[in-house]
Amino acid sequence: LQRELDALPGQIEQWEAQLLELSNQMAQPEFYNRSPEAIAAASQVIADKEAALQLAYKRWDELENLKGE
């Protein structure tokens with residue numbers, strides 16, 4: 001449990017950085033010159049990363065609560 005708890009902040013930080021980078025790319029007008037498939041794929045990556053982040057935050061909270069018991 002402690003190893004997982006120790007690893008989560010770094011993983012969350014990495015995913016947040018990736019999300020920021022992808023969001024910044026998608027904020028650029030030239031991003032939408034790409035194929036519809038590439039745009040859809042990037043949107044799906046963002047959705048997947050956001051879902052993973054939510055799960056990671058939930059797991060982090062669960063582990064913190066277990067540690068406190």
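**Aromatic pairs and the first helix**

Phe31 is buried, with a relative accessible area of 3% (buried means under 20%, exposed over 50% and partly exposed in between, for a 1.4 Å probe and protein chains only). The model is predicted, so local features need pLDDT of at least 70 and side-chain atom pairs pLDDT 80 or more, while totals for chains, interfaces and linings use all residues. Residues are numbered from 1 along each chain as its sequence is written, and side-chain values use heavy atoms, leaving out hydrogens and water.

A search of the whole structure finds 2 aromatic pairs (rings of Phe, Tyr and Trp, the last by its six-membered ring, with centres within 6.5 Å; planes under 30 degrees apart are stacked, over 60 edge-to-face and the rest tilted). Phe31 pairs edge-to-face with Tyr32, at 5.1 Å centre to centre and 80° between the planes. Tyr32 is partly exposed, at 44% relative accessible area. Tyr57 and Trp60 form a stacked pair, with 6.3 Å between centres and 20° between planes. These two residues are 3 apart in helix 2, and are therefore separated by about one helical turn. Tyr57 is partly exposed at 34%, and so is Trp60 at 26%.

Helix 1 covers residues 2-26 (helices are DSSP runs of H or I, at least four residues, numbered from the N terminus). Its 25 residues should span 36 Å at 1.5 Å a residue, which agrees with the 37 Å between its end C-alpha atoms (the expected span is 1.5 Å times one less than the number of residues). Helix 1 has Leu5, Leu8, Ile12, Trp15, Leu19, Leu22 and Met26 as its buried residues; these pack against helix 2 (36-68), where contact means heavy atoms within 4.5 Å.
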